[in-house]
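Biologist: I'd like to learn how to read helices and their packing. Could you walk me through an example?

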Amino acid sequence: MKRLLAALTCICVLVGCADPGSEPSDVSPNPPPAPSASEEERSPSTAPAPEGPTESAEPSEPSGPSGPPNPVSLPALMQQEYDGGRLRLGNEVYATATQRQYEVTYRGDGLTISGRIAIPEGDGPFPAIVLAHGYIDPAYYVNGQGMTREREWFAARGYIALHVDYRNHAGSDDTALAQQGRGEADLRMGYTEDVINAVLALRSWDGPVDDEQIAVGGRSMGGGVVYNVLVAQPGLVDAGVVWAPVSSDAVDNYDRWIGRNPERRDIVSAIDRLHGLPRDNPEFWRGISARTYFDQVTEPVLIHHGTADDTCPIRWSRETHRLLRRDGVDATLAVYPGEGHAFGPQFFASMERTDRFLRQHLR
């Protein structure tokens, strides 16, 4: 598998809610009965024009770092060194005829990060996917929450699935900003770093993982994490998959879940003091937007999005898909008519498509 050539941390963009003024839990319900799939695939050679108004202008910042980058930026994360390792299994928490799941911890960036791992029954080695969950209030989040359906589904089909809790969640260490009550003022950049270190920890683990076949996947906010991983660490994984992702433009996400929410004035003030607001410091916001650096991406990307998603509008994914293709990325947009943010009726259709995609690209 492609090895780590560059380095990064992350801009974790916000995910959220049917009501733009709040961020409800992004918890997945129990799997529904298998539906009849209704989906439309946009291949790299047949991409449509963006639907609706474009939220932002074409990226104008050069790709890759030139000179000392802003320490809070994707170019800074491209230059960072990562030390993910020391993956340790904890309590067994779930078992079926096809898999066993365990609490897990690993080290990275001086922190202990918790998570949950699903391991297929058998000798292996198995291909693997690292999962980045959507937004759930850290005050209420519990270990392994947010992508339980996906984790079990992958393990049942022969993949190791490592679900990352993120820093400041569950059994993970808290950062200094979080301890000060300002965990969002850094725009959740550390979540991407946690996912990168999870890939490295999985690869160095002595368990039954095929370290030449590793993908990364995320839903909602976690989709934004995946974009940042692919941008800042080309060659780290073999493929990326996202479900109902946030925008690849940080300003879109800020406007929807922070800037226009009167209950988050304290966070707006903190971001203003630390970085400047989008209208005052557009260069900073370009520097934390994955789309600015899409020409760095070397892995194929599969985007799943429903047309009835009122949390993360599908126009965001249409624009992200267009920009990825413009920059030469092998990107596919799978459209699910009538599907909402949580992927209920067409969850299994999206997973079967994901399996076909990964079996093609994890070689």
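Biologist: How many residues does helix α9 have, and how far does α9 reach from its first C-alpha to its last?

Modeller: Keep in mind that this is a predicted model. Helix α9 covers residues 314-326, which is 13 residues, and reaches 18 Å between its first and last C-alpha, close to the 18 Å expected at 1.5 Å a residue.

Biologist: Which residues in α9 are buried?

Modeller: Buried here means under 20% relative accessible area. In α9 that applies to I314, W316, S317, R318, E319, T320, H321, L323 and L324. After α9 comes G328, with a positive phi near 85°.

Biologist: Now for packing. At what angle do the axes of α2 and α10 cross?

Modeller: Angles from 65 to 115 degrees count as roughly perpendicular, under 35 as roughly parallel, over 145 as roughly antiparallel, and the rest as oblique. Helix α2 (residues 148-156) and helix α10 (residues 347-361) cross at roughly 45°, their axes coming within 11 Å. That makes α2 oblique to α10. Their crossing is right-handed.

Biologist: Which residues of α2 and α10 meet?

Modeller: From α2, R149, E150, W153 and F154 meet F347, F348, M351, E352, T354, D355 and L358 of α10. This contact has six nonpolar residues, one polar and four charged.

Biologist: What about α6 and α7: at what angle do they pack?

Modeller: Helix α6 (residues 250-259) packs against helix α7 (residues 265-274) at about 140°, with the axes 10 Å apart. The two are therefore oblique to each other. Y254, I258 and G259 of α6 make the contact with I267, V268 and I271 of α7. Five of these residues are nonpolar, one is polar and none is charged.

Terms used: Residues numbered from 1 in each chain as written. Predicted model: local features only at pLDDT ≥ 70, side-chain atom pairs only at ≥ 80, totals over all residues. Heavy atoms only, no water. Axes fitted to C-alpha atoms, helices over the stretch in contact; angles between N-to-C directions. Helix = DSSP H or I, 4+ residues; strand = E, 2+ residues; numbered from the N terminus. Left-handed = near helix turned anticlockwise from the far one by under 90°. Contact = heavy atoms within 4.5 Å. Nonpolar A, V, L, I, M, F, W, Y, C, P; charged D, E, K, R; others polar. Expected span 1.5 Å × (residues − 1). Buried < 20%, exposed > 50% of the residue type's maximum accessible area, 1.4 Å probe, protein only.
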